[in-house]
Amino acid sequence: MARSCAICGKVSMGGFNPQSSGMNRVRAHRRYQPNLQPTTLYLDGVASKQLVCTRCRRTSLKAAKTAK
């Protein structure tokens with residue numbers, strides 16, 4: 001299974017390495033990986049550990065603070 005966010009589904013993205021200065025600027029392929037962190041999610045009162053991107057993790061923690 002590919003590494004993806006359990007909430008938003010964010011996955012890795014293709015791109016190029018930064019170009020070095022000079023006459024022959026060769027673009028090397030690379031992958032940009034999402035910043036996934038293990039987080040405990042509560043679904044229907046059941047706790048489960050999921051990989052969640054930091055944006056979703058931050059939003060869910062923010063929502064939990066305002067709900068109290």
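Let's start at C53, which is buried, with a relative accessible area of 2%; buried means under 20% relative accessible area, exposed over 50% and partly exposed in between, using a 1.4 Å probe and protein chains only. The structure you are looking at is a predicted model, where local features need pLDDT of at least 70, side-chain atom pairs count only at pLDDT 80 or more, and totals for chains, interfaces and linings use all residues. Residues are numbered from 1 along each chain as its sequence is written, and side-chain values use heavy atoms, leaving out hydrogens and water.

C53 belongs to the largest nonpolar core, whose 6 residues are C5, L36, L41, V52, C53 and C56. Such a core is a set of buried Ala, Val, Leu, Ile, Met, Phe, Trp, Tyr and Cys residues joined through side-chain atoms within 4.5 Å. At least two of its residues come from each of β3 (36-43) and β4 (46-53); strands here are DSSP runs of E, at least two residues long, numbered from the N terminus. Leaving aside residues up to four places away in sequence, C5 touches K10, L36, L51, V52, C53 and C56, a contact being heavy atoms within 4.5 Å.

With these cysteines in view, what about disulfides? A search of the whole structure finds 0, a disulfide being a pair of cysteine sulfur atoms within 2.5 Å. C8 is in none, and its nearest cysteine sulfur, that of C56, is 3.6 Å away. C53 also has C56 as its closest partner, but at 3.4 Å the sulfurs are too far apart for a bond.

For a contrast in setting, visit V26, in the loop between β1 (13-16) and β2 (29-32). V26 counts as exposed because its relative accessibility is 67%.

Definitions and conventions
Helix = DSSP H or I, 4+ residues; strand = E, 2+ residues; numbered from the N terminus.
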